[in-house]
Amino acid sequence: MRAVTISVAGNSEWGEILESRFVELKDGDTVADLLIRALKASKLAYETSGSGALFYVRGIDGLFEFDDGPTSGWHYRVNGKELGVGAGSYKPEPGDAIEWIYESEDPAARDDKGTGT
Amino acid sequence: MSEGFGARALHPVVLLVYYAGGITFGMLLFHPVILLAGWAAALAVNFHLDRGRSWRSWSLPMAGGVLLLLVLNPLISHRGRTVWFYLGDTPITLESVAYGATMALSLSFLLTLFISYRLLMTEHKFLFLFARVSPKFALLVMMAAGLIPRLRRRMYELMRIQRMRGVTVSEGTVLERARSGARLVASLLAWTLEDALQTADSMQARGYGTGPRSAYLHFRFRIRDVVTICGLLAASGAIFALWAGGGGVLEIYPRLGSLALSGADRAAMLIYAAFLLMPLIWEWRDRSKWQALRSAA
C-alpha cells in the first residue's frame, strides 16, 4: 500500500488535533484531498474555500484563520519544509510526512502587510 | 382602540425607551432560552393590543425568514467542534445549527417586537419625537413609510375595478397578462404622481415652508410616564450590568456550552421579560379601572 503520514496541530489551546497517522495515497491525490479524507475519517469539522490551486483552509475543528490575530492561519509542511505551492495542487510522494500547523503569527505575512500597502 | 387607553396612552419618549431597550437587549442577550421568553412576552403584548391580527398577517414572511436562517447557517458556517454528519464534503456541526436556531429566534422575536411598535408608536408620536430635531427628515420618513402600504391599497383597488372590464393578470395568455399588468402599473403610477402634485399644491396653499415651523405639543409627561420610564431605565441598567458580567449569553463557538441557565442568566431573563411586559401592566390597570367605573355608574 502506498501511504503518507498526516498530522494536524492547532495552537496552544487546541493542542494536537489529529495525531500522526498513515493515510492511503491514491492516484492524483493532493495534500488537500488527503487532509479532507483524514478529517472526515475522524469526524472533525473543517471549512475550506476554492479548489485546485486556489484551495484554502479557513478553519479546522473550530479553529479558524484570524482567531489568534491578523496573520494567524493554517499552513502545511511536507517533510518539515513549507512549500510555496497551494495544497490543492501539490501531489505528495509515498512516504512523505504532511503536517498541518496552525500558526498564530506568520512573520512573512506580517512583513508583507507592512510594506504591501 | 382609543389613543388614551393603556399602553397607547404612554408618552412617546417612554415608548422610545421601551423599544430602544427591547431591541438592544434582544441583540445583546444571545441565548435561546432568554430569546424564547422575550418572544413569548412580545407575543403576549401583540395579542393583547389587537388580538394578534397584525402579527398573524406577518407570520408567513416571518416563518420564511426563520426557516431560511435555520437551514442556511449550518450550510454556510462550519465553525464549531462537534460534527453531526457530512453532507457530501460539507461538515454540519451542532454548533452552527444551534447558532442558526438562536439567530432565527432572535429574528422572530425582534420582528414581533416591531409589529407591536407599529401599533403603539403611531405617526403622531413619531412626529412628536423627531419633528423638532429634524422636520424635513421626519416628514420624509413618514411619507416613505406610508408609501408602500398606500401603493398596495391603491393597486388592490385598481385590480378590483379593472377586473370588471376584463383587465386582469390572472387570466388569459402570457402576453395578455403582461399587457394587463403593464396597464395596471401605468394607472397606479399616474394616480400616484397626480396625487403627489395635489399634495404639494395643497401644502403650498396652506403655507408650508414659508416660515419657521411651530409645533403643537399634544403629549404631556404624566406621573405614569415618570414611573414607567424610571422602571424601564432601572431594568435596563440591571440587564446591562448582568450582560457586562458575562450573563445572558450562551457560549456557542467553538464548543456549545450548556443550555442550563446560570444565576445571572436567570436574573437577566426575568428582568428582561418584566421589561417587555410593561405595556400589559398599563393595559390591565386601565381595563380594571374602566370596569370599576362602569360598574359604579
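Biologist: Does helix 2 of chain B pass helix 10 of chain B in a left-handed or right-handed crossing?
Modeller: Left-handed, for helix 2 of chain B against helix 10 of chain B; that is, the near helix is turned anticlockwise from the far one by less than a right angle. Helices here are DSSP runs of H or I, at least four residues, and strands are runs of E, at least two, numbered from the N terminus. This is a predicted model, where local features need pLDDT of at least 70, side-chain atom pairs count only at pLDDT 80 or more, and totals for chains, interfaces and linings use all residues. Residues are numbered from 1 along each chain as its sequence is written, with chains lettered from A and ligands numbered from 1 in the order in which they are written.

Biologist: Which residues of helix 2 meet helix 10 there?
Modeller: B:Ala44, B:Val45 and B:His48 in helix 2 meet B:Pro279, B:Leu280 and B:Glu283 in helix 10 of chain B, contact being C-beta atoms, placed from the backbone, within 7 Å.

Biologist: Different topic. What does B:Phe109 touch?
Modeller: B:Gly26, B:Leu35, B:Gly38, B:Trp39 and B:Ala42, leaving out residues up to four places away in sequence.

Biologist: And chain A, in what order do the three strands of the open sheet come?
Modeller: The order is 3-4-5, with antiparallel pairing; strands pair if DSSP finds at least two bridges between them.

Biologist: Which are the edge strands?
Modeller: Strand 3 (46-49) and strand 5 (63-64) of chain A, each pairing on one side only. Two bridges join strand 4 (residues 56-60) to strand 5.

Biologist: What is the bridge partner of A:Gly59?
Modeller: A:Phe64, in strand 5 of chain A.

How values were computed:
Contact = placed C-beta atoms within 7 Å.
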